[in-house]
Structure formats: C-alpha cells, structure tokens
Amino acid sequence: MQKWSQLFYKNTGLNPYVWLVFFILPFYYISQYSQLWTLVTGIIIILVFFACYLLAFITKGWQIYMWIGLLIAISITMTIAYDYAYFSLFLAFFIGNIKNKAGFFTLYSVNLGASFLTVNYSFINQNSMLLSQFPFIFISLMASILLPISTYNKNKREQLEGELENANKRLDDLVKMEERQRIARDLHDTLGQKLSLIGLKTDLAKRLLRKNPDQALVELNELRQTASTALKEVREMVTTMRGTQLVDELFRAEQILKAASIAFILQGNPKLQDTSQLNENVLGMCLKEAVTNVVKHSQATTCTISIEETPSHNLLTVHDNGIGIERTRKQNLRGTGILGMKERLEFVNGYMDIRTGTEMEGTVLVIHVPKLVRKPVKEDEE
C-alpha cells in the first residue's frame with residue numbers, strides 16, 4: 001500500500017478539495033438528527049471510520065484486511081441506521097490502491113456486494129431518506145464500481161513503467177559491462193604478447209650489451225619495431241572501438257517499444273555511410289532520448305523511425321501517434337530531454353525540428369546530423 005500522504009501529494013487540481021467535502025459531508029448529514037444520543041453515536045461512528053481509514057493506510061500485511069473489514073461493517077451500519085451510503089466511495093478509493101490481485105478482487109467484490117445489498121435493503125423498506133437521494137446513491141454505486149478498477153489499473157501501469165525503466169537501466173549496465181569486457185579482451189590480446197616480447201628482448205639486449213654489442217644493437221632495433229607495432233595496433237583498436245552505433249540503438253529502441261506495447265516501424269537503412277563515429281554516437285543518443293519520451297509521455301500505440309541520408313547530412317525522423325507535445329506540456333511533464341538533445345546536436349553542428357498540431361496525429365521529431373565532423377583548415381605548405 002502507498003502512504004496516504006503520497007497519494008494526495010501526487011494528485012493535483014480539485015482532488016484534495018473534493019475529498020475535503022467528503023470528509024465534512026457525513027458530519028453535516030448527522031447534524032440533521034435532533035436526538036442527542038443519535039447525534040453523538042453518529043459522530044463517534046464517523047470518527048472511528050476515519051481513524052480506521054488512516055490506520056489501514058499506515059499498516060501492512062493482514063492488518064490491512066482487518067481494518068477494511070471493519071470499515072465495510074461501519075459503512076453498512078451508517079447506511080442502515082443513518083441512511084448515509086457514501087462511505088463506499090472511501091472504500092472504493094482505498095481498495096483500488098491494493099497491489100495484491102487476489103486481495104483487490106476479493107475486497108472489491110465484498111465492498112460492492114455490501115453496498116448493493118444495504119442500499120436495496122433500505123429501498124425495500126421504503127426508506128424515504130434514501131429514496132430522495134436516489135440520483136446521488138446511483139452515482140455513488142457507479143463510482144464504487146469504476147473507481148477501484150481505474151485506480152488499480154493506473155497503479156499497475158505506473159508499476160510497469162517503473163519496472164520498464166529499471167529493466168532499461170539494467171540493460172544499459174549489461175551493455176556497458178560487456179563493452180568493458182570486450183575492451184579488456186582486446187587490450188590483452190593486442191598488448192599482452194607484445195609487452196611480454198618487449199620485456200624479453202630488453203633483458204636479452206642488456207645481457208648482450210657487453211658480450212656482443214652488434215647483436216645487442218639488432219635486438220634493440222627489433223625492440224623498437226615491436227614497440228611501434230604495438231602502438232599502431234593500439235591506435236587501430238581505439239579507432240575501431242565501438243561507441244553508440246545507430247544499429248545497436250535501434251535494436252534497443254525496438255525492444256523498449258515492444259515492452260511498452262507500442263508498434264515499431266523502421267524505414268530506411270540504419271547502416272550509415274561515410275559518417276564519423278562521433279556524429280553517429282550523437283545520433284544514437286538522440287534516438288534513445290526520443291524513444292524514451294515516446295514511451296513515457298506520448299501514450300502512443302505506434303512509433304515510426306525513418307532514416308534518410310543526403311550527401312552531407314543524416315536525417316532521423318521519430319513519429320508517434322500519441323497525444324502530441326502540446327498536451328504533454330500542458331500536463332506539466334518535465335525532463336523530456338529536449339534541451340539535452342539540442343545541446344548534443346549543437347556540439348556537432350546539427351539541429352532538430354519538432355512538428356505537432358491539430359492537423360497531424362502525435363508528434364514528429366526530425367533530427368539533422370552532419371555526416372562528418374568539420375576538419376580544421378590546414379595551412380598551405382610553402
């Protein structure tokens with residue numbers, strides 16, 4: 001269970017004020033009774049209900065079900081004895097936040113059944129007070145049906161999004177670990193033998209320096225050649241060392257979108273031609289950020305990624321059929337990474353366009369990245 005303070009903190013708008021009305025309403029309702037003992041008993045029952053409601057939020061395990069059972073009993077008592085049938089709304093909201101599936105459906109069925117039975121019992125007995133409130137009673141029953149399901153599905157979706165984010169982090173960590181292991185293997189295979197050979201030749205040249213200077217000179221020349229060869233291999237390894245390649249990033253994007261139940265469509269060839277490693281890294285990082293935004297904020301069902309090459313630039317287009325970036329901004333969603341993408345693109349003289357509006361569905365993000373890093377101008381040799 002989530003803490004009650006966290007639940008209300010996450011909500012915005014009128015929700016806190018609506019719940020405040022529901023807190024005050026039973027006291028106002030009880031105040032209409034003229035008999036003192038009836039009034040005092042009703043107030044005590046209401047205070048006990050809210051105390052148990054608070055205890056249900058801050059307890060864990062089997063105690064939650066004990067408090068909910070007591071709350072359902074109080075709700076039944078208030079409906080039959082005081083014609084107040086609206087405590088079921090509090091129970092509906094609480095039950096929707098239960099994470100255990102079996103516990104949720106059990107309490108949901110019990111609360112719904114108790115609400116219908118007590119209301120029907122009062123109607124059969126021709127309770128004039130409840131009959132006069134029939135429209136509100138009907139709305140309360142509909143809310144008792146829909147509110148727990150809606151809250152449960154919302155919490156489940158947030159839980160799945162959190163698990164997806166954690167899975168993506170673990171995937172990134174595994175990729176980094178595998179890359180480190182690959183670099184370690186390459187360094188061992190490239191430098192291990194050469195360094196051992198350099199050590200042996202150094203010892204040999206040291207021993208021959210006085211006995212056979214000519215042979216020592218030969219060994220020193222071979223030593224220099226071995227060192228040059230090792231340096232060349234290291235440079236080649238660093239040059240060909242993989243960064244964030246677009247093909248790999250597209251594969252990860254496809255896995256993430258599928259995990260989020262978003263259809264993935266790829267158009268164009270992901271294997272870029274005549275593109276520097278740095279610029280391809282920037283393109284891959286921007287793609288990763290764009291796909292993350294689609295999964296977290298767009299509410300899309302399809303994401304199309306298009307790749308187009310021009311003689312001087314690579315164009316990457318990410319199009320989703322979601323709610324659009326304007327509605328995302330209205331929902332005060334922050335941290336969409338747009339500024340970070342712009343900064344990366346400016347570093348390689350690239351730029352991005354965002355198109356959204358009522359005439360198109362979703363958001364279209366077009367990323368322009370030059371093929372090569374601009375080389376410094378060399379002075380003409382004299």
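Colleague: Which residues does L365 touch, not counting residues up to four places away in sequence?

Modeller: Contact means heavy atoms within 4.5 Å. L365 touches A290, L316, T317, V318, M341, M352, D353 and I354. Bear in mind that this is a predicted model: local features need pLDDT of at least 70, side-chain atom pairs count only at pLDDT 80 or more, and totals for chains, interfaces and linings use all residues. Residues are numbered from 1 along each chain as its sequence is written, and side-chain values use heavy atoms, with hydrogens and water left out.

Colleague: Where is the place of L365?

Modeller: Helices (H or I, at least four residues) and strands (E, at least two) are DSSP runs, numbered from the N terminus. L365 sits in strand β5, residues 363-370.

Colleague: Does L365 count as buried or exposed?

Modeller: Buried means under 20% relative accessible area, exposed over 50%, partly exposed in between (1.4 Å probe, protein chains only). L365 has 8% relative accessibility, so it counts as buried.

Colleague: How many aromatic pairs does the structure hold?

Modeller: A pair of aromatic rings is described by the distance of the centres and the angle of the planes. Rings of Phe, Tyr and Trp (its six-membered ring) pair if their centres lie within 6.5 Å; planes under 30 degrees apart count as stacked, over 60 as edge-to-face and the rest as tilted. This structure holds nine pairs. Take F49 and F90: centres 6.0 Å apart, planes at 80°, so edge-to-face. The pair links distant parts of the chain, 41 residues apart: F49 is in helix α3 (residues 36-58), F90 in helix α5 (residues 87-96).
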